[in-house]
Amino acid sequence: MKYKVLIMRCDKYDPEKIAGIVKEGMKALSVKPSGRILLKPNVVIAHPEIFPHAFTRKEFLDGVISATKAVAEDVTEIAVGERSGITIPTRYNFKNAGYPEVIKKHGIKAHYFDEVKQVPVRLKRKERLRDTVFVPEPVAQADFLINLPKFKGHPWCRLTLSLKNFIGIQDDRHRLVDHNSFLEHKIADLQEVIQPKFIAIDAITAGQKMMLTPTPFDMGAIVMGTNSCAVDTVCCHMVHVNPKDLIHLRYTSERGFGPMNLDEIDVSGDFPLVEVQEKTRNFQFCMEHIEKYFGKESNLRCKVGSFPEAHSDDYCWGGCPGSLQEAMHIFRAFYPDVEKTMGKILYVVGRVEGPLDLGEGEKVIFAGDCTSWKGKIDGKDVNIESSYKTTREVDERKTRSNDMLLKTAQTLSKCLRNGSSRYIHVKGCPISVADHVNYLSAAAKIKNVNFDPSLLIPVNIAYWQMRANRILNRFIG
Ligand code: SF4
């Protein structure tokens, strides 16, 4: 039996139109949601002006909820759940995305995964990276998961679609575990926790290159299916990507979760694949090594060494380099000329040997646990040692909280203590995008966007609401 994937035309964010298309899709795919129904959109970050194309749009969510309500049977609960990008309270991003009004309109629940209990799930497949992963209780209890990704390019993974959207089912304490050169293995592990029974991808306005600050692309499509591998395979072909190059798709398919070959998929709908491909001939990606990514005009220079894991010793796609790119794109959104106006920075990552050839006033950020270097800076001996831990050495039950205020306080105090030193060694595996923003701000004297008044107050209000609800849920649970 072939898995069916539908590509449907949809040229605008009209909830009624989307509801009609999705209802039709559910019927064609024989989908009947029931029990505890959990909708998982992609709201990694949301802001109407700064991050307008990073998230599954509210009109899309609205349309899918209407279709779900029309088709579902024996419903126990319908809820929307997500954990936004690291440290930012999910409720802040939901508000920016306009979700609360949609959730209220439909009388359904919101599960902020950073506020609920996290439970362990044992993994059994022989290819697994870990024996146990932690997920929010509503995910572990869901009978029918509906995955609602945003179709976007991704600087770590090439594309974020159905499989990659599951990174958002983990809270901050567990999300960064293995978010390094094992990111693709981690994505495959998460499929074993739960697989969506229906997938609808918001590809009406797709995103190119970055995941937080994507360049919009008018794709005019909704992609639907019941198997993540099949859906992601079709989406790869929609933008001229060989599915084998989407490494997490390859790993997941090899574990038996679904096909990655078009011959094994029945592609239909009213938007023929060849027509989509014609439209997306210039769809852009950002899969560049950071050494080349920041041009000669930029005050940011990167030196990339070798990395500890044999399967990816030339680059760490899932970790610090991609975080640096995302952080710089956030700065660009606030200050378009930032790379010319910032102080000079040399970003060193991995095991690097030989002189750094520092320019006048150039500061060095040694980034990440795996980074090592030995040499002289301003005539003084400097020895940066690796503290990288292998997967087996990292215990997922004893991870740090990655709490927003704590992390910000730690990074800022480290920057203060570091004072006027020419270099700083930033620890973490990976270093998050938020931490990159803090360290770059301090070292390169860029105004810290985390303290922009338009973000500071609402983010902090949402943070304290999140903390209060987390305590409340602990008592209720
Ligand atoms: S420290 Fe950063 S670059 Fe090094 S392995 Fe970890 S995530 Fe990758």
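**Figure 1. Lining of the second largest cavity.** Strand β6 (132-136) gives the largest share of the lining of the second largest cavity, 3 residues. The model is predicted: local features need pLDDT of at least 70 and side-chain atom pairs count only at pLDDT 80 or more, whereas totals for chains, interfaces and linings use all residues. Residues are numbered from 1 along each chain as its sequence is written, and side-chain values use heavy atoms, with hydrogens and water left out. Helices (H or I, at least four residues) and strands (E, at least two) are DSSP runs numbered from the N terminus. Both β6 and α7 supply at least two residues of this lining. The lining consists of Leu-129, Arg-130, Thr-132, Val-133, Phe-134, Gln-170, His-174, Val-177, Asp-178, Lys-186, Asp-189 and Glu-396. By class, 4 residues are nonpolar, 3 polar and 5 charged; Ala, Val, Leu, Ile, Met, Phe, Trp, Tyr, Cys and Pro count as nonpolar, Asp, Glu, Lys and Arg as charged, and the others, Gly among them, as polar. The space in this cavity is about 80 Å³.

Figure 2. The whole structure holds 3 cavities of 30 Å³ or more, and the largest cavity has a volume of about 110 Å³. On a 1 Å grid over the protein atoms alone, a cavity is a set of points where a 1.4 Å probe fits but cannot get out, and lining residues have an atom within 4 Å of a point. Grid points are joined across faces, edges and corners, and a volume is the space filled by probe spheres set on the points. Of the 17 lining residues, Asn-180, Cys-316, Cys-370, Tyr-388 and Cys-429 lie nearest the centre of the largest cavity. Helix α12 (320-334) and strand β15 (363-377) each supply at least two residues of the lining, and β15 has the largest share, 3 residues. The lining divides into 10 nonpolar, 5 polar and 2 charged residues.

**Figure 3. The largest pocket.** The largest pocket has a volume of about 970 Å³. It is lined by 36 residues, of which Asp-369, Arg-400, Lys-427, Gly-428 and Cys-429 are the closest to its centre. A pocket is an open set of grid points with protein on both sides within 12 Å along at least five of seven lines. Helices α14 (404-418) and α15 (433-444) are the elements that give two or more residues to the lining, and α14 gives the most, with 6 residues. The lining of the largest pocket comprises 11 nonpolar, 10 polar and 15 charged residues.

**Figure 4. Contact of helices α7 and α9.** The axes of α7 (residues 183-193) and α9 (residues 247-254) come within 8 Å and cross at roughly 45 degrees. Axes are lines fitted to C-alpha atoms, for helices over the stretch in contact, and angles run from 0 to 180 degrees between N-to-C directions. The two helices are therefore oblique to each other; angles under 35 degrees count as roughly parallel, over 145 as roughly antiparallel, 65 to 115 as roughly perpendicular and the rest as oblique. Glu-184, His-185, Ile-187, Ala-188 and Gln-191 of α7 meet Ile-247, His-248, Tyr-251 and Thr-252 of α9, contact being heavy atoms within 4.5 Å. The contact residues of α7 with α9 divide into 4 nonpolar, 4 polar and 1 charged.
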